Structure formats: structure tokens, C-alpha cells
Amino acid sequence: MARLRSRFANLVTGCVVAVHLILLPALYFGVGYVIRKSHEDLFVQHARTFARILADEFEVGAALDSAARTEDLLDLAIIHGESRYAELVERDRRIRSQLGPPDITAPKEPDMRFAHGGDDTYFIVLPIMHAGQSAELRLGFDERPTQTRIQLALNRMLLLLGAYLCLAIIIASYLSNRLSRPIRRLQDVSRTIASGDYAQALDVSTGIRELHELAVDLEAMRRELVGVNDRLQEKIREKEVSEARRDELQKQLRHRQRLETVGTLAGGIAHEFNNVLVPIILFTDTALQDLPPGSVSRSDLERVLASARRAKNIVQKILTFSHVLGDTKLAPMDLRNVVAEGVVLFSALAPPSIEIRTEIAEQVPLVRADATLAMDLVMNLCTNAYQAMQGTQGVLTVGLRVPPSAAMPSVELMVSDTGHGMEQPVVERIFEPFFTTRPVGQGTGLGLSVVHGIVESFGASIAVETAPGAGTTFRILFPAITESARADTPLGSLEM
Amino acid sequence: MHSILVIDDEADVRDGMKRVLDRAGFSVRIIDNATDALLELKREPADVVITDIIMPKLNGVDAIYRIVQEFPSVRIVAISGGGNFDPSSYQPAAITTTAYLLAAKKAGAHHILTKPFESAELIDAVERVIGAGHG
């Protein structure tokens, strides 16, 4: 760019110089010719007029009668007529003024033009008739003063043209610099923009319309770039946030999966242990009845029974970490957070064919619930909805609101799908464990029974709206905590 | 003497229950699956059925439905120790136990009992359903 910039200024100056180098010599020679011609014409005209007057003087006067008089007139021509040669030739005599330089000889023929013959003298020969006698007046006019004047004029003109050329170069240089300044400014700002700094505005002021329009266009482009850049930055930030969120979700999922694995193991162990403990307890009980009080065997078996009861407690403890329902602590909570988090967590698992919509009210009253179980509830309902739409496009809507027509203050959690819906006989059995409409291996049928169990544990109620082909909506109604209920103790364990 | 049919896929569990209930003065039959238990009830009715929930073939909840429909006079006690069948569909064990027993109750069980239980609890449960039935 620097090379291009210097070329631009040089180009303008160079063009001006080139044009002048062509035009100025032509001008010089043209004007020089006119000057030379006019000086020469003036000289020739003056010489001829002077010669004519002198010839007339000889013809009408009595100068020819006396040699001294003739010589005076010829001297007069040298003195006043800028002549350097004056001679009168008669038949038998030649009279020449002695004032001119002696080394000049008049040619036989008169000069036809200025500077003819290379002798710096313009010769004129005039015939004279006086008193029946003919004679010739030969005059040689000095060309050198005129040549000097011509040369002087030409030199002055050369000087003027030289000065003009210098001025032209200076003006061209100034103008090209002035022209290249806004271009340079445009270039600097363009470079700044190219380096990634879009903040600098393109406020180039120039009187040149094209440059002004270019600057305006570039400024519009810069603003567009600033917008695009801002949008890109915003997208990058959003992407970073969403990636961080995804990482966090994946971490949560991994954590959940680990818990599930351990929980499954614990659940399996608990089930096996419970079955093992039943005969231990029962057989020990009956054996104790056969033994007399105070016997060693009785004391031993009482220790077996005590150990079995301890084992039973240990199993309960194992189960505690994976939420023993009876020990669940129900606490006042805002379901909006749980529902929002559950939906986000489920979104990470759901395939793109399922569109997930949320309709969560800005504010809902607090309800008594357990956060993890409430999350299980949302996840189970969402999973069920997703399975109802499996293999098809569908919309899953999760809503949370205060139902407008509820008898008691309450909060309604709604999970709706656009899946295949259900027949009435199916609806009546959906909350039973093992009940499933899916083929073997695609679900155990526990999901909705778990939902039911959780709903009951919260003291909430669940309703289903469905029809074949019309999708399914589950509505769970949580009793809202009223001011009087706040004072009450939390809900107790599930009554069996 | 009241007759009791015990259904459980675990031999030690059903034998233990038989021992306790025999001693308590009941006439006890044991069987290891619900399908055969329905045939057994047809062959010889029982006053009380004690059934596990999680069993291969026919599960306890479905068995209770069938018993309630086919033998309405039979009193039913459901027992469960929870557990999961499939690691991919894990649910907290206590919730499944609750869910199973709730479902059993909904299906028509007159009493439910969480494993493990003591002899006295078992006898008490049987006596309660018989008493309720007579009441």
C-alpha cells in the first residue's frame, strides 16, 4: 500500500511534468518564432524605409553634386540609421563612409531576408537617378542589436516558462498530496478495521465527491461489520454459556447415572437381603419358642434374631440414600425451579424430533414437596410423553400455573404430549406397576406407578386427559401452602 | 381352622412363613408361583392368600386382580421387599416398594406387609384380614 500511495502522488506530479515537457517547448518555439519574426520584420521595414528616405535625399537634393556632401549623407546613415556600411557607386567613382568597420564588403546582390549571408549585416541596394545620371546606394544595416533583442526576449520567455514549470510542479505536488491525504486516512482506518478494531469511525472530510462517497460507503460497511461482529461475539458468548451449561448438565447426568447404578445395586441388594432376612427371622422366632428359658441355645438364637434385626436396619440405611419414601422430608418449595431444571435436563436427553415447550407462570405459591422426587416426577412424566411420541415428530409441553377453577389454593403441573393417546380401559390401569402398552423390553411399566407413588407422597392428585390419537395430558394438582398450613408440621410418611 | 395359601418364589421365605403360621394353628399350603396358585385355589379354596409381588411369570399385582375376580371371598395379604428388574429403568427402591404395595392394595389386597417382618407381624396381619372378613 505504501508503494501504491507514493506512486499515486508521483503519478500526478509526473503527469503534470510530462504534459509540460511536451507543451512548453512547443510554446517556446511557437512564441519564439513570432517574436523573432516581428523583430526581423520591424528591422527590415525600418532599414528599407531609412534607405528609401536616404535615396530620395540623393535624388532630389544636391548631395551628389559634391563628394563631401555625399560622404556626409553616407556618414549620417551610419550614425543615425544603425548602418555599418554606406556606399554610393557611380559610373566612375565609389564613395564610402569611413565610419563603418573597414572589413565589410557589400555583396553584389542585396540580402533578401534578415540574417542572410552570416555577416550580421543586412544589405540593401537602391538605384538612384539624379540629373540624368544613375547611381547605386548600397547600405548595410547592423543586425546584431536586433539579434540581441530577440535573444533577450527568448531568454526572458525561457525564464518565465521555467518559473511556470516549477510552479506547476509545486501545485501538482500540493494537489496530489491533498488528494492522497483522505485516501491515506481511508487506508489507515481500513487497516485498523482489518486488524479487528471496528471502533474507529471513518470520518474522512474531503471536498472530492467520489472520495467522500467512498468514505461514506466504507463507513456504512464498517457499521455493518460492527453489527456483524457484535452479533458474532454475542453468538460466541451464547455458545460458551450453552456449552458450559451442557457440560454442567452432562456432569449432572453422569452423577445421576452413577447414583442410579449404585442405587440399582443397593435396591437389588436390599431386595435380596429382605428375602434372606425373612426366613432367618421367622425360623429363629419359632426355634426360640421350643427352647427353655435360660438355655445357652436360646441365648444364642436371641443373638441371631438381634443380628437379623440389625441387618434389617442396615438394609434400611442402604436404601436411605436412594430416597426412602417414608423418610422423605417434605419442605415448602417453589416448583418453578424444579420444573425448569427438569425440562432442561430432559431436553439434553430428548431427540431433536421432539419439540419441548414450557408454559411456566411467573409466580406460583409454594407447595410441600421433595426436590429430588419432584425432579423424578417431571422426568418420569416427560419420559412417558416422549415414549408416547416415539418415532414421530411431536410437541411436549410442560406447564406450571395456578389453576383458575380450583376449589382450594393449588398449583398445577401439566405435562402434555401429541402422541398416540390412550383408550379408556388403558387409562384405568396406567398407574399400576408392570402395566405397559409397550412391547417387552421397551419399558417395565414402572414409570407411571412411580409417578403415582410420588404424587401421593406429596399429598397431590393426578388426572389424565386423553383419547386415541389425540395425545395425553397429565395434570398434577399440588395443594398450595396457605398461611395457616405454614405453621403445621411437614407431611408425615406415606400411610400404607 | 383357617386355611392359608402362601405364594413366594423364594423357598426359604415360604417355608419360614409356613412354619410360623402352622404353629399359630393355621392350615398352610405353599406354592412357588402365582399361576399354579390360581389352579390350586380352584382345586381347594383357601381363606387367606399371602402373595409376594415380584415374581417370575405372573406378578403379584396381576395375581391379586385374578384372585379378587375369581375368588371374591379370599382374603389377601401382599408382601414385598422392593427391588428393580432392569438396571436401565432404575427407580429408588423404597418408591418401588411403595408403588408395588399401593398397586397391590388398589388391586384388592386387604393388607400389605413390607419384608422383612417378624412372626408376630405376620400372624397379626393374617388375623386382621380374617377378623375383618368375618366382621
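Chain A folds into ten helices and eleven strands, where helices (H or I, at least four residues) and strands (E, at least two) are DSSP runs numbered from the N terminus. This is a predicted model, with local features needing pLDDT of at least 70, side-chain atom pairs counting only at pLDDT 80 or more, and totals for chains, interfaces and linings using all residues. Residues are numbered from 1 along each chain as its sequence is written, while chains are lettered from A and ligands numbered from 1 in the order in which they are written.

As for confidence, pLDDT is the predictor's own score for each residue, from 0 to 100. Its mean over chain A is 81, and 87% of the residues of that chain reach 70 or more. A contact here is a pair of residues whose C-beta atoms, placed from the backbone, lie within 7 Å. Residues 323-327 of chain A also stay under 50, with 18 contacts beyond four places in sequence. Where pLDDT is low, the predicted coordinates should not be read in detail.

Of the 496 residues in chain A, 27% are buried. Buried means that 20 or more other C-beta atoms lie within 10 Å of the residue's own; exposed means 12 or fewer, and partly exposed is in between, with C-beta atoms placed from the backbone. Among the chain A contacts with a separation of 6 or more, 66% link residues 24 or more positions apart.

Helix α2 of chain A (residues 67-80) is a handy one to look at. A:T70, A:L73, A:L74 and A:A77 are the buried residues of α2(A). They sit on the same side of the helix, because they cover an arc of only 95° around the axis, the arc being that of the directions from the helix axis to the C-beta atoms. The face turned away from this buried side carries the exposed residues A:A68, A:I79 and A:H80. After α2(A) comes A:E82, with a positive phi near 55°.

Further along chain A, A:D119 lies in the loop between β2 (94-96) and β3 (121-130). A:D119 counts as partly exposed because it has 17 C-beta neighbours inside 10 Å. From A:D119 to A:R144 is 25 residues in sequence and 9.7 Å in space, C-alpha to C-alpha. A:T121, by contrast, belongs to strand β3 of chain A and is buried, with 24 other C-beta atoms within 10 Å. Its contacts, not counting residues up to four places away in sequence, are A:R84, A:Y85, A:I104, A:G140, A:F141, A:D142 and A:E143. Of these, A:F141 is 20 residues from A:T121 in sequence and 5.4 Å away in space, C-alpha to C-alpha.

Turning to chain B, there are five helices and five strands, arranged from the N terminus as β-α-β-α-β-α-β-α-β-α. Of its 135 residues, 54% count as buried. Residues 24 or more positions apart make up 64% of the chain B contacts with a separation of 6 or more.

Helix α1 of chain B (residues 11-23) has 13 residues and reaches 18 Å from first C-alpha to last, close to the expected 18 Å. B:V13, B:R14, B:G16, B:M17, B:V20 and B:L21 are buried in α1(B). These residues fall within an arc of 160° seen down the axis, so they line one face of the helix. B:G25, which follows α1(B), has a positive phi near 100°.

Strand β4 of chain B (residues 75-80) is largely enclosed by the rest of the structure, because six of its six residues are buried. In a regular strand the side chains alternate between the two faces of the sheet. In β4(B), B:R75, B:V77 and B:I79 are buried on one side, and B:I76, B:A78 and B:S80 on the other. Strand β3 of chain B (residues 48-52) pairs with β4(B) in the parallel sense over five bridges, and B:V48 stands opposite B:R75. Pairing requires that DSSP finds at least two bridges between the strands.

The largest nonpolar core has 50 residues, of which B:I4, B:V77, B:A78 and B:A104 touch the most other members. Such a core is a set of buried Ala, Val, Leu, Ile, Met, Phe, Trp, Tyr and Cys residues joined through C-beta atoms within 7 Å. Helix α4 of chain B (residues 93-107) gives the most to this core, with six residues.

Notes
Contact = placed C-beta atoms within 7 Å. Expected span 1.5 Å × (residues − 1).
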